[in-house]
Amino acid sequence: MGKPLILVTNDDGITAPGLRALVSYMKEIGDVVVVAPDSPQSGMGHAITLDSTLYSKKMQVDLSHTGTEEYSCSGTPADCVKLGLQELLDRKPDICVSGINHGSNSSINVIYSGTMSAAIEAGIEGVPAIGFSLCDYNWEADFAPSEDFVKNIVREALKFGIPKGVVLNVNIPKLPKKDLKGIKVCRQAKANWKEKFDKRTNPMGKDYYWLTGEFELLDKGEDTDEWALANGYISIVPTQFDLTAHHAIQDINNWNLK
């Protein structure tokens, strides 16, 4: 059998250091095609472009990545995967990897994540998919400590497969390699953001707002992604895109619905 075909995408943009690192790692495993946004798309969630045109441009960002097809896309991370699967790739990829994101996508952050939404879009289309994030928002973040772990996770996913309807959400603590204790498969911690808006006025007298907030962890469990990250482990959360609350169906059926 030939090398696996790997679709690489992200939400930080095609030139982001995290994506460049991920491309390097994936080239050791298979044939790589990159379809990523032409500008940062963090926090876009699963937005798609409906009322404007999409553009794609073939390019070569890194001369060391010869033999890798790369396309920038004017749309969102989910758009990138849709366009890649429908128009740009000549066959269905064996796996889609998204990231490596600059910043955490653990716990409730997965809801807002463009990184994970790209992976979820691939999963919806029947492509095994993994989103990778490093808990470091610095543009110059050091991704090297995660390299062996990322490659191991992808190789195992290709070997054993990912359960149907499931996408893996992988978060990596900001630690030197010697301090990374290993990998834990976890559940998503219960948490939210205590948000507020910083209201300001521009020189023309018009009000504007900056969204701010504090992360509030509501979960003391030692089987969560937040616990794993705080204790030096890489977390893997199997994430499903069927949002049905199956446990609530019977409760709602007990209502007097007419």
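Colleague: Which strands does H3 lie across?

Modeller: H3 lies across E1, E5, E6, E7 and strand E11 (233-240). H3 runs at about 170 degrees to E6. Contact means heavy atoms within 4.5 Å. Angles run from 0 to 180 degrees between N-to-C directions, with axes as lines fitted to C-alpha atoms, for helices over the stretch in contact.

Colleague: What sort of model is this, and how are residues numbered?

Modeller: This is a predicted model, where local features need pLDDT of at least 70, side-chain atom pairs count only at pLDDT 80 or more, and totals for chains, interfaces and linings use all residues. Residues are numbered from 1 along each chain as its sequence is written, and side-chain values use heavy atoms, leaving out hydrogens and water.

Colleague: And H1, what does that lie across?

Modeller: Helix H1 (residues 17-27) lies across E1, E2, E4, E5 and E6. H1 runs at about 145 degrees to E5. Helices (H or I, at least four residues) and strands (E, at least two) are DSSP runs, numbered from the N terminus.

Colleague: What's the strand order in the open sheet?

Modeller: E3-E4-E2-E1-E5-E6-E7-E11-E8, nine strands with mixed pairing. Strands E3 (56-58) and E8 (182-185) stand at the edges with a single partner each, so one side of each has no neighbour in the sheet. The twist averages 20 degrees from one strand to the next. Two strands pair if DSSP finds at least two bridges between them.

Colleague: Is the pairing of E6 and E7 parallel or antiparallel?

Modeller: Parallel, over five bridges. Phe-132 stands opposite Val-170 in E7.

Colleague: New topic. How do E9 and E10 run?

Modeller: Antiparallel, joined by eleven bridges. Lys-196 has Thr-212 in E10 as its bridge partner. The two strands form a hairpin with five residues between them. Gly-205 in the turn has a positive phi of about 90 degrees.

Colleague: How many salt bridges are there?

Modeller: Twelve. The rule is a side-chain nitrogen of Lys or Arg within 4 Å of a carboxyl oxygen of Asp or Glu. Lys-82 and Glu-121 form one of them, at 3.0 Å, N to O. That pair links distant parts of the chain, Lys-82 in helix H2 and Glu-121 in helix H3, 39 residues apart.

Colleague: Is Glu-121 buried or exposed?

Modeller: Buried, because its relative accessible area is 3%. Lys-82 is partly exposed, at 32%. Buried means under 20% relative accessible area, exposed over 50%, partly exposed in between (1.4 Å probe, protein chains only).

Colleague: Which residue does Lys-199 bridge to?

Modeller: Asp-207, with the closest N and O atoms 3.5 Å apart. Lys-199 counts as exposed at 51%. Asp-207 is partly exposed at 36%.
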